[in-house]
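Work through the exercises below with the sequence and the model side by side, and try each task before reading its solution.

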Amino acid sequence: MLSFELKKPDPGKAPDELEIHLDQAGLEALYDLMAVLMRYDIDMKGLRNLVTSRNKAWMTNPQAYWYAKIFGGKLTRTSKAAQSKKKAAKRQIK
């Protein structure tokens with residue numbers, strides 16, 4: 001479950017802090033959390049701490065839209081056709 005709490009320093013003032021509670025780091029809750037962070041352009045590097053053996057395969061996928069924001073580096077979205085062309089070109093060069 002994912003829940004949010006806005007922290008207000010003084011009544012009548014805008015919130016200056018958002019506290020996020022993640023009771024169970026299930027797939028759906030992590031997707032919701034990623035969506036909120038992406039939507040409001042909040043630093044996502046803290047999500048590195050939520051990688052487990054159960055979610056590692058999809059969470060650390062370099063082709064996923066969130067990869068660069070969490071782990072840094074470039075987004076590596078290439079189609080299978082483009083990958084095949086690269087491999088064929090490398091074979092021809094050799």
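Residues are numbered from 1 along each chain as its sequence is written, and side-chain values use heavy atoms, with hydrogens and water left out.

**Exercise 1.** Find which elements of the protein chain have the lowest and the highest mean pLDDT.

Solution. Begin with the order of elements, which reads β-β-α-α-α-α along the sequence; helices (H or I, at least four residues) and strands (E, at least two) are DSSP runs, numbered from the N terminus. Next take pLDDT, the predictor's confidence in each residue, from 0 to 100. Where pLDDT is low, the predicted coordinates should not be read in detail.

**Exercise 2.** Determine how the rings of Tyr-65 and Trp-66 are arranged, and whether Trp-66 is buried or exposed.

Solution. Rings of Phe, Tyr and Trp (its six-membered ring) pair if their centres lie within 6.5 Å, and planes under 30 degrees apart count as stacked, over 60 as edge-to-face and the rest as tilted. Tyr-65 and Trp-66, with centres 4.9 Å apart and 80 degrees between the planes, are therefore edge-to-face. Buried means under 20% relative accessible area, exposed over 50%, and partly exposed in between (1.4 Å probe, protein chains only). Trp-66, at 5%, is buried, whereas Tyr-65, at 39%, is partly exposed.

Methods. This is a predicted model: local features need pLDDT of at least 70, side-chain atom pairs count only at pLDDT 80 or more; totals for chains, interfaces and linings use all residues.
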